Amino acid sequence: IKPDVHKLYLEFTFQEIFSSLDSLKGLKNMKEFAPWMKSHFPKLGINCAWIFIPSAISSGRCRYKCITGFDLQGHGRAGAGEEIEENMIFDDLLSKKQDRSFCVLPLLLKDEKYGLMVTEVNEMAYPAYEIMSHYIGSTIKNMLLGEEVVAMNRQLLELSEQKTQFFINIAHETRTPLTLIQNY
């Protein structure tokens, strides 16, 4: 690539990156994240990407859950909700006849690593990877934390309803014998 063309592409890419990242602010949950990836990543030359978070550790091996992903070329099989062992993430992708290179980036929130973003490498889009992994990492972590808060609130409401029902039942059980004794 000629240096002038590469410089123009980088200027375009950074504008596209920051435009895409700005649109992340409007996402509210993980269901909205997959369509966002499918619409913004190809503009940056990224034709496939997956987000994985650890789901379990057993026998020293980590299992990852694919929370979202897409592959415009249709080679990858990892779908949302699928659990894969750490060493199997690339198994189906690298077994194809076509040569493909992948970039694995940690998803971070401050210094806490909590997941992986796997994307196919496009040399022209390389400046986008690290910048996007930080913004995407914090956005996803915030979404996941938000979903945990909603689940905890739902659980608290259920417990509160159970507590109220328990006291209603206790009051009924103590009043019934007293009423019978008083009436007698």
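**Close-ups of a predicted fold**

**View 1. The largest nonpolar core.** Of its 27 residues, Phe33, Trp36, Phe41, Ile51, Ile136 and Ile140 touch the most other members. A nonpolar core here is a set of buried Ala, Val, Leu, Ile, Met, Phe, Trp, Tyr and Cys residues joined through side-chain atoms within 4.5 Å. Buried means under 20% relative accessible area, exposed means over 50%, and partly exposed is in between (1.4 Å probe, protein chains only). At least two core residues come from each of helix H1 (3-23), H2, strand E1 (48-58), strand E2 (61-71), E4, E5 and helix H4 (126-183). Helices (H or I, at least four residues) and strands (E, at least two) are DSSP runs, numbered from the N terminus.

A word on the model: it is predicted, so local features need pLDDT of at least 70 and side-chain atom pairs count only at pLDDT 80 or more, while totals for chains, interfaces and linings use all residues. Residues are numbered from 1 along each chain as its sequence is written, and side-chain values use heavy atoms, with hydrogens and water left out.

**View 2. Ile136 and its neighbours.** Skip the residues up to four places away in sequence, and Ile136 touches Leu24, Phe33, Trp36, Phe41, Ile51, Leu107, Tyr114 and Met117. Contact means heavy atoms within 4.5 Å. There's also a second, separate core of 10 residues, with Trp50, Cys62, Phe102 and Leu116 among them.

**View 3. The buried face of H2.** Helix H2 covers residues 30-40, and its buried residues are Met30, Phe33, Ala34, Trp36, Met37 and His40. Looking down the axis of H2, these buried residues fall within an arc of 165 degrees, so they line one face of the helix. The arc is that of the directions from the helix axis to the C-beta atoms.

View 4. Strand E4 (residues 102-109) and strand E5 (residues 112-120) run antiparallel and are joined by 8 bridges. Two strands pair if DSSP finds at least two bridges between them. Leu107 sits opposite Gly115 in E5. The hairpin has 2 residues between its strands, and Lys110 in the turn has a positive phi of about 60 degrees.

**View 5. Thr119, tucked away in E5.** Thr119 lies in strand E5 and counts as buried because its relative accessibility is 0%. Leaving out residues up to four places away in sequence, Thr119 touches Phe41, Ile46, Cys48, Ala49, Ser101, Phe102, Cys103 and Tyr129.

View 6. Lys141 is found in helix H4. Is Lys141 buried or exposed? Lys141 counts as buried, because its relative accessibility is 14%. Its contacts, leaving aside neighbours within four places in sequence, are Leu109, Glu112 and Tyr114. Lys141 and Leu108 are 33 residues apart in sequence, yet 8.2 Å apart in space, C-alpha to C-alpha.

View 7. How many disulfides does a search of the whole structure find? The search turns up 0, where a disulfide is a pair of cysteine sulfur atoms within 2.5 Å.

**View 8. Stepping back to the chain.** The chain has 4 helices and 5 strands, following the pattern α-α-β-β-β-α-β-β-α along the sequence. Of its 184 residues, 33% count as buried.
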